[in-house]
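Good morning, and thank you for coming.

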Amino acid sequence: MGVVLLRTLPYGANFVSLAETPEMTQSMAEKILFRYSASAPSVSDRLEEEACRRFDVAGALAVPSGTQALRLALLATRPRLGARVYIPAMTFVAVAGAVLSLGMIPVCVDVDENLALDPTLLPDDAERVVVAHMDGMVGPVPEITGYVIEDTAQAMGGRHRDGRAAGSVGFAGVFSFHHAKVLTSGEGGLVVTRQRSARDLMRSYSDHGSAREQGKYPAWESGAFFGENLTANEVVAGVQLQQFRTLDHILGRLERHHSRTVSEMLEAGISTIVERTPGDPKVSLHIDLPTTEQRAEALRRLESAGLPVWTLDKYLLPRHPVLRSRASIYGDGFPWSLDPDAEHLSRDAFATTANRLARRIVLPMAPELTDEAQDDLTASYVDAVVDVVR
Ligand SMILES: *Cc1c(COP(=O)(O)O)cnc(C)c1O
């Protein structure tokens with residue numbers, strides 16, 4: 001067995017390359033880093049065109065973060081203050097934060113055995129639902145008459161069973177370029193939609209409610225609504241374009257490492273590997289332990305061997321301080337105070353989900369590793385856990 005390689009950078013961060021970022025260097029050379037002053041098409045425009053092509057959507061908008069992308073997608077549904085938004089019980093707290101920051105109420109909906117939002121728990125009149133493809137697990141999009149937003153922050157490049165791109169099926173799809181995600185520009189976000197009018201609405205809101213023409217001062221039509229400044233940056237868009245060019249390579253390496261690791265582990269007698277669908281970006285391999293005690297022992301061994309491992313427990317939102325306390329930065333408890341009766345939706349108060357999460361370990365796949373290095377890593381993983389798992 002070779003030397004254990006400690007993973008220092010996540011996914012796309014390994015492939016950041018100054019030499020392969022001509023759009024960024026050109027922006028720098030021209031000294032115009034603001035998208036609406038750049039000569040058309042701006043780097044941000046080119047990024048959005050690439051996103052439309054890749055995800056087969058009618059519109060895309062680059063924004064400063066995935067959280068802002070979520071906020072814009074929610075705003076594009078033209079919500080009422082205090083409206084309920086159904087969100088998965090297992091996701092990152094940014095989803096709840098985005099909802100609350102718009103004066104709406106997040107209602108956690110329990111997840112099924114695949115850790116995807118359980119659509120059978122949704123009320124018939126659900127108007128807004130967010131689903132989240134967590135840790136590369138591309139889940140179904142509920143069929144409702146209202147709006148479904150696909151949070152694809154952790155599943156860039158994933159595909160649904162019918163082949164459509166994750167993020168392209170619902171009303172809008174949201175992506176993140178945060179450091180820890182499949183592709184990165186440090187911080188950054190992208191929102192895509194099948195409705196061109198929704199893209200126009202989001203663009204306007206992201207630019208002070210204006211109808212701006214490239215190269216000009218913003219203009220406000222009569223009836224213009226207020227907005228914020230959520231404009232993408234040309235330098236960042238240049239990094240994101242470079243990252244997009246590495247996506248197929250990253251997905252291919254993840255797929256290969258995942259399938260080799262599954263075979264190795266099955267051969268070693270580890271039989272509780274969680275199956276992935278073909279379209280999942282294989283960012284990690286999940287193993288279920290029979291008991292929480294065995295999981296604790298597996299984690300202890302993996303960590304003392306210095307092997308990268310994580311868990312999903314932190315994503316159980318109903319137990320998250322932000323949702324438990326219903327605290328608010330506003331003195332009057334806004335927006336919770338608008339709907340004090342809203343209750344989360346679960347058959348068993350999230351007991352099954354909590355137990356499921358508490359028995360799972362997540363082993364990240366490393367697209368930057370050679371086959372040999374990944375095999376060494378896999379061998380180390382097997383050594384560390386086989387006695388606990390088998
Ligand atoms: C990271 C993440 C976000 C937020 O994206 P940022 O770019 O960090 O704002 C939202 N949802 C999920 C599921 C995430 O993992």
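The largest cavity holds about 40 Å³ of space. A cavity is, on a 1 Å grid over the protein atoms alone, a set of points where a 1.4 Å probe fits but cannot get out. Grid points are joined across faces, edges and corners, and a volume is the space filled by probe spheres set on the points. Rolling a probe the size of a water molecule over the atoms shows where empty space is left.

Before I continue, please note that this is a predicted model, in which local features need pLDDT of at least 70 and side-chain atom pairs count only at pLDDT 80 or more, while totals for chains, interfaces and linings use all residues. Residues are numbered from 1 along each chain as its sequence is written, and side-chain values use heavy atoms, with hydrogens and water left out.

How many cavities of 30 Å³ or more are there? The count is one. The lining of the largest cavity consists of Ala116, Leu117, Val131, Ala132, His133, Gly139 and Pro140; a lining residue has an atom within 4 Å of a point. Five of these lining residues are nonpolar, two are polar and none is charged. Here Ala, Val, Leu, Ile, Met, Phe, Trp, Tyr, Cys and Pro count as nonpolar, Asp, Glu, Lys and Arg as charged, and the others, Gly among them, as polar.

**The open space**

The largest pocket contains about 540 Å³. A pocket is an open set with protein on both sides within 12 Å along at least five of seven lines. Of its 24 lining residues, Val138, Gly139, Pro140, Arg161 and Thr277 are the closest to the centre. The lining of this pocket has nine nonpolar, four polar and 11 charged residues.

Finally, Ala349 is exposed, with a relative accessible area of 54%; exposed means over 50%. Ala349 and Asp110 are 239 residues apart in sequence, yet 8.5 Å apart in space, C-alpha to C-alpha.

Definitions and conventions: Buried means under 20% relative accessible area, exposed over 50%, partly exposed in between (1.4 Å probe, protein chains only).
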